[in-house]
2 protein chains.
Amino acid sequence: MSSSPTSNERTEAADRDPEWLPGIDDIRAAAERIAGAAIVTPLLEARAIGEALGARVFVKAEVLQRTGSFKFRGAYNRLSRLSAEEKKRGVVAFSSGNHAQGVAAAARALAMPAVIVMPSDAPTIKLENTRAYGADVVTYDRASGDREAIAAKLTRERGAILVPSYDDPFIIAGQGTLGLEAAAQLKALGITPDLALAPIGGGGLISGTSTALKDAYPGIEIWGVEPAGFDDHCRSFAAGRRVGAPAGARSFCDALLVAMPGRMTFAINRRTLAGAVAVTDTEVAYAMAAAFRDLKLVVEPGGAAGLAGLLARKVEARKRTVLVVLSGGNVDRATFCGALAQAEAAAR
Amino acid sequence: MSSSPTSNERTEAADRDPEWLPGIDDIRAAAERIAGAAIVTPLLEARAIGEALGARVFVKAEVLQRTGSFKFRGAYNRLSRLSAEEKKRGVVAFSSGNHAQGVAAAARALAMPAVIVMPSDAPTIKLENTRAYGADVVTYDRASGDREAIAAKLTRERGAILVPSYDDPFIIAGQGTLGLEAAAQLKALGITPDLALAPIGGGGLISGTSTALKDAYPGIEIWGVEPAGFDDHCRSFAAGRRVGAPAGARSFCDALLVAMPGRMTFAINRRTLAGAVAVTDTEVAYAMAAAFRDLKLVVEPGGAAGLAGLLARKVEARKRTVLVVLSGGNVDRATFCGALAQAEAAAR
């Protein structure tokens with residue numbers, strides 16, 4: 001159930017100039033752009049989980065988004081900014097699967113061609129869905145292939161536009177619409193959250209979402225949760241600069257196997273986040289089982305990391321009002337049922 | 001994965017007088033009563049499923065309701081109508097599990113005691129949750145016990161009120177709020193449904209829901225879906241009167257093992273429904289797998305019957321706009337994962 005890391009983003013020297021980073025206005029513009037195309041996903045109270053923790057817990061059920069993850073938001077926002085001429089040339093992306101589906105579905109919705117470079121051992125559901133959305137899928141071997149080189153070659157050959165998976169202002173602003181929506185939903189309920197948790201891979205989701213949440217609730221404390229062994233954000237926050245995690249780690253959180261924070265995303269996250277914590281695969285499996293049992297939601301390993309951080313009490317939640325982002329649900333049956341069985345055995 | 005039938009509702013002579021049956025005004029009153037207590041569950045478009053069928057398909061994700069099924073609606077409506085003196089004496093119910101949880105949670109919300117009579121082989125999640133909501137649970141053996149006699153004795157001993165699981169106007173009106181909500185959600189999207197499918201056990205959900213849907217959309221065609229072997233509604237529609245299904249059948253749809261239509265519910269359903277169709281356990285497993293894969297929702301066997309009827313093409317959906325009720329999601333891990341594995345094997 002484990003996979004090795006996929007990221008080669010080892011660029012150093014985070015940009016310290018905040019001028020060019022997307023802010024709340026960019027997120028509001030993105031929200032207008034994706035309205036009607038993306039789903040306003042429900043905010044659900046997790047009563048049983050809240051009772052167990054002595055907290056009030058709300059989950060943003062982003063597994064119900066188009067393509068089964070938040071990635072559609074950023075992809076649609078990015079692609080809808082392309083010129084007519086660029087749309088004709090189409091887009092190229094590389095992704096372990098959720099960004100792949102997001103770009104493929106957004107490209108179809110906006111009637112442009114898409115080529116996606118994916119690892120051959122990506123979850124079957126992610127490979128199949130990306131093809132079903134009409135994209136050309138080019139697979140490579142995680143161990144020996146260089147996805148960035150493959151994508152660069154395709155981009156050159158086709159004159160197509162490369163769509164980054166997180167280090168792009170329009171991608172970040174698009175993912176930030178999740179936070180904007182959650183804030184509006186919480187306000188409609190008259191609820192002020194004290195604490196928020198979301199998964200971190202490259203940091204696109206949480207950089208946009210934390211920008212929107214901090215705008216609505218300046219006092220909110222926001223934590224990123226990453227898989228143990230891919231704790232580059234934990235290390236980077238401790239060091240005060242971008243630091244990679246050592247190579248060779250494994251985790252079944254296939255969507256979060258990024259070994260270095262993004263340059264743009266980290267420049268945002270160092271200002272908006274309280275910090276990051278890491279969770280084991282067993283803690284993630286337990287969170288997937290809790291979502292299955294108490295929320296009736298299918299959450300993939302990477303999508304459950306935020307909930308895992310909460311349930312494993314990596315952050316103190318007692319007597320607090322908590323927002324948790326369940327960011328994706330694209331998981332194969334065997335992985336999902338394996339995680340539920342593991343959690344059940346561990347609980348005995 | 002199979003269980004035997006549980007119902008002894010063999011009362012004959014359906015009441016043909018429609019005067020006393022709950023109507024749209026009762027459902028509207030119920031909606032006001034449950035507002036704030038029950039969740040307005042999301043209406044989600046099932047894009048992949050719609051594309052496969054050449055139809056437009058929307059699901060009412062009632063698995064996200066409090067207690068994980070629609071039963072909280074009727075129970076809360078019924079219990080909130082009790083007098084202060086009746087509330088003090090408390091309530092008794094018998095149920096295979098979803099009505100049990102609905103009554104237990106509603107009793108807790110309204111601060112009254114509840115005793116629930118449940119079969120000892122009910123899904124573990126249903127037994128555990130009913131206890132977690134604070135109810136006293138009395139178990140009996142499905143094969144040899146008489147749950148109605150046990151409930152009657154408890155009712156006498158405690159002076160408590162028996163809460164029927166479907167044949168009660170306040171229960172029916174409460175379940176009808178699901179249809180009222182779905183109609184409002186469809187209207188907000190500017191969508192007119194041609195067709196609706198929902199599971200049938202005793203017929204409480206579909207009698208209330210069809211009343212509300214027919215009020216909003218007089219031309220809509222509504223079908224009930226029941227497990228093969230428990231096709232008492234199919235038989236009753238064919239006969240034009242309430243007819244039981246033969247004893248001895250088995251199905252893993254534990255929430256739908258009722259062998260005879262309700263008296264009140266059938267008096268409504270014979271006017272509002274186009275008919276009923278039956279689905280096999282394999283067809284239900286396939287629907288559970290489709291909900292897992294394409295909707296990221298955990299649906300229990302009985303809750304997936306409506307979707308199973310659609311996917312097994314028991315009703316013609318092509319070029320139509322379809323509403324499907326996913327009525328409950330309380331299922332144990334082993335049953336759920338067994339169904340997904342069965343569906344995957346059958347698809348090969």
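**View 1. Overall dimensions of chain A in the predicted model.** The radius of gyration is taken over C-alpha atoms, and the globule rule is 2.2 Å times the number of residues to the power 0.38. A compact globule of 348 residues would therefore have a radius of gyration near 20 Å, and the 18 Å of chain A agrees with this. The model is predicted, so that local features need pLDDT of at least 70 and side-chain atom pairs count only at pLDDT 80 or more, whereas totals for chains, interfaces and linings use all residues. Residues are numbered from 1 along each chain as its sequence is written, chains are lettered from A in the order in which they are written, and side-chain values use heavy atoms, with hydrogens and water left out.

**View 2. The interior of chain A.** Of the 348 residues of chain A, 61% are buried (under 20% relative accessible area, 1.4 Å probe, protein chains only).

View 3. A:Phe292, A:Lys296 and A:Arg333 supply 32% of the area that chain A buries against chain B, more than any other three residues.

**View 4. Salt bridges between the chains.** Chain A and chain B are joined by 4 salt bridges, each a side-chain nitrogen of Lys or Arg within 4 Å of a carboxyl oxygen of Asp or Glu. In one of them, the side chains of A:Arg108 and B:Glu51 meet at 3.2 Å, N to O.

How values were computed. Buried area = accessible area lost by both parts, 1.4 Å probe. Buried < 20%, exposed > 50% of the residue type's maximum accessible area, 1.4 Å probe, protein only.
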